[in-house]
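Let's take a walk through one protein model and stop at a few spots along the chain. Keep the picture open while you read.

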Amino acid sequence: PFASANVETAVVTITILPAGSLIPFTIKAIPEKRVYVSGGNDAMNFRLRFVNPGTGETDKESTFTTNATGIYSNYDMSSFSPDDVYNIYGKGESHLTDKEASVQLTNSSTTIDFSNGDTDELLAGDVNGVDFGDDIVNAIDLSILITDIDTFDARTDLNKDGIVNALDLSVMITNIDEVGDV
């Protein structure tokens, strides 16, 4: 459920160290259609889930906020073992979930590229619900955004230009009926 683009990327890099260590972990998650701001405009709340592909159960879930350039560092992965395999789900607030399947963690750097080689974006428009929405862009989201037109609501200001307006509405309409990866 991603639109092709050449502007945005979302990349996760994972490095596993010995048990008990703070494992250097960097995530780069660049959301769809943000306006350009010198120094970056890509900060967002982000949820990362590690799901056991055999059981379908979430082994670890964390939320954090990326910086203005879309980067978060120093994620503690000391509970993981090298050679563990996970389906890794990433979801930015007001965006749909993306899944990278059967990722094997290693002692060396592993890169999880949510952009599929810089050709896909994290789609925006999932603004309803508590926390991170319901993972579908639909009429409920549209109703919320229309109610917020000409306000400064961070959740529905999809392009982060400081106001909810027709530009945000255009992003949402483009993604209507899109569903996040499950």
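## A glycine in a loop

First, find glycine 133, which sits in the loop joining strand E10 (124-126) to helix H1 (139-147). Keep in mind that this is a predicted model.

If you set aside the neighbours within four places in sequence, glycine 133 is in contact with Asp126 and Asn128. Serine 94 is another residue to look for: 39 residues separate it from glycine 133 in sequence, yet in space the C-alpha to C-alpha distance is 6.9 Å.

## A lysine with two partners

How many salt bridges does the count come to? The answer is 2. Start with the one between the side chains of lysine 91 and aspartate 126, where N and O are 3.0 Å apart. This pair ties together distant parts of the chain, with lysine 91 in strand E6 (residues 85-92) and aspartate 126 in strand E10, 35 residues apart. Both lysine 91 and aspartate 126 are buried.

Next comes the salt bridge between lysine 91 and aspartate 135, whose closest N and O atoms are 3.8 Å apart. Here too, distant parts of the chain are linked: lysine 91 belongs to strand E6, while aspartate 135 is in the loop between E10 and H1, 44 residues apart. Lysine 91 and aspartate 135 are both buried.

Let's go back to serine 94, which lies in strand E7 (residues 94-95). Its phi is near 70 degrees, a positive value in a residue that isn't glycine. Serine 94 has a relative accessibility of 5%, so it counts as buried, because buried means under 20%.

Aspartate 177 has a positive phi as well, near 75 degrees, and this residue isn't glycine either. You'll find aspartate 177 in the segment after helix H2 (166-174). Buried or exposed, then, for aspartate 177? With a relative accessible area of 58%, aspartate 177 is exposed, because the cut-off for exposed is over 50%.

How values were computed
Residues numbered from 1 in each chain as written. Predicted model: local features only at pLDDT ≥ 70, side-chain atom pairs only at ≥ 80, totals over all residues. Heavy atoms only, no water. Helix = DSSP H or I, 4+ residues; strand = E, 2+ residues; numbered from the N terminus. Contact = heavy atoms within 4.5 Å. Salt bridge = Lys/Arg side-chain N within 4 Å of Asp/Glu carboxyl O. Buried < 20%, exposed > 50% of the residue type's maximum accessible area, 1.4 Å probe, protein only.
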